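Work through the helix packing exercises below. Each task is followed by its solution.

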Amino acid sequence: MQIGLIGLGKMGYNLALNLRDHQHEVVAFDISAETMEAISKEGVATAPSIGELTQQLQGRKVVWVMVPAGAPTDAVLKELAPYLAMGDIVIDGGNSNYKDTVMRATKLKLSGIHLLDCGTSGGLSGARHGACTMVGGDAEAFDHCEAIFRDVSVEKGYLYTGKSGSGHFVKMVHNGVEYGMMQAIAEGFEVLHKSDFDLNYKEVARVWNHGSVVRSWLMELVENAFGKDPDLSKIRGIMHSSGEGKWTVEAALEMEVPTPVIALSLLMRYRSQENDTFSGKVVAALRNEFGGHKVEQAE
Ligand SMILES: O=C(O)[C@H](O)[C@@H](O)[C@H](O)[C@H](O)COP(=O)(O)O
């Protein structure tokens, strides 16, 4: 199938190669000339602009957009839409907020353009060798593109989730689960680390990956990480986040669904970004005020 691909970042680049391997005819565009040159050396056709990319697509156009969520996605859709006609399909494979997706789909629908929201999981190796895709939007548009999702995903690794926004919603909740699972793994290793036992964390992860209840891809990844840096002394414990955990907690709060594990995992990420906190100072000062308890002097 012929498919336009906008955005050759880490995910988009691998996705282009994955599509190529499955005999899809990809026409790619990225703002980086260097990246475009690299992908063309891999046998993927490129176009010098979004407009020219659409001109290279025959018949009913399908364009996969793989750019960061938020303003970059809006900017690409704004530039792309005028080149598309009724029935054409845009796939947003990024981590867009599902509410933005619903608004974008409604707007594009006014011109008869379909927006499929595709939550894409599995990281870089997934994009390259088989991802997990969760796809929302018009059912007929999904049917038209089903071969694409089947081919870029692992076996049994794609799902039509229903109306617009549902693909990104399912992916958002997936990421909330991801936050909680990672935090639980991390806390377990912290307890091991603080204990008096002289433990090899890589070996603990390895044994947990063989037959234990908590064996998983995340545990395999933690085993890899300890293999490279036995006590992770080369990196700092600052945990960034790109929004999906926060959106999961926001959605849960809106629906009054208790999600303490995901919420606390999110808060731990924020906490990790500060060495000392003003709230900590306030509590320390209060203990000192009412009980004369010792405070640590600032340096
Ligand atoms: O399923 C996946 O493949 C990952 O979840 C992927 O989508 C990405 O690594 C996260 O968006 C990171 O999210 P945070 O930056 O919020 O941790």
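**Exercise 1.** At what angle do helix α8 and helix α10 pack, and how far apart are their axes?

Solution. Locate α8 at residues 166–194 and α10 at residues 217–228. Their packing angle is about 45 degrees, and the axes lie 11 Å apart. That makes α8 oblique to α10 (under 35 degrees is roughly parallel, over 145 roughly antiparallel, 65 to 115 roughly perpendicular, the rest oblique). The model is predicted: local features need pLDDT of at least 70, side-chain atom pairs count only at pLDDT 80 or more, and totals for chains, interfaces and linings use all residues. Residues are numbered from 1 along each chain as its sequence is written, and side-chain values use heavy atoms, leaving out hydrogens and water.

**Exercise 2.** Which residues of α8 meet α10?

Solution. From α8, take M181, M182, I185 and F189. Their partners in α10 are L218, M219, V222 and F226 (contact: heavy atoms within 4.5 Å). Now sort the residues of this contact: 8 are nonpolar, none polar and none charged (Ala, Val, Leu, Ile, Met, Phe, Trp, Tyr, Cys and Pro count as nonpolar; Asp, Glu, Lys and Arg as charged; the others, Gly among them, as polar).

**Exercise 3.** Describe how α8 packs with helix α9, residues 201–208.

Solution. Start with the axes: they come within 11 Å and cross at roughly 135 degrees. α8 and α9 are therefore oblique to each other. Next, list the contact. F189, L192 and H193 in α8 meet Y201, V204, A205 and W208 in α9. Sorting gives 6 nonpolar, 1 polar and no charged residues.

Note on methods. Axes are lines fitted to C-alpha atoms, for helices over the stretch in contact, and angles run from 0 to 180 degrees between N-to-C directions. Helices (H or I, at least four residues) and strands (E, at least two) are DSSP runs, numbered from the N terminus.
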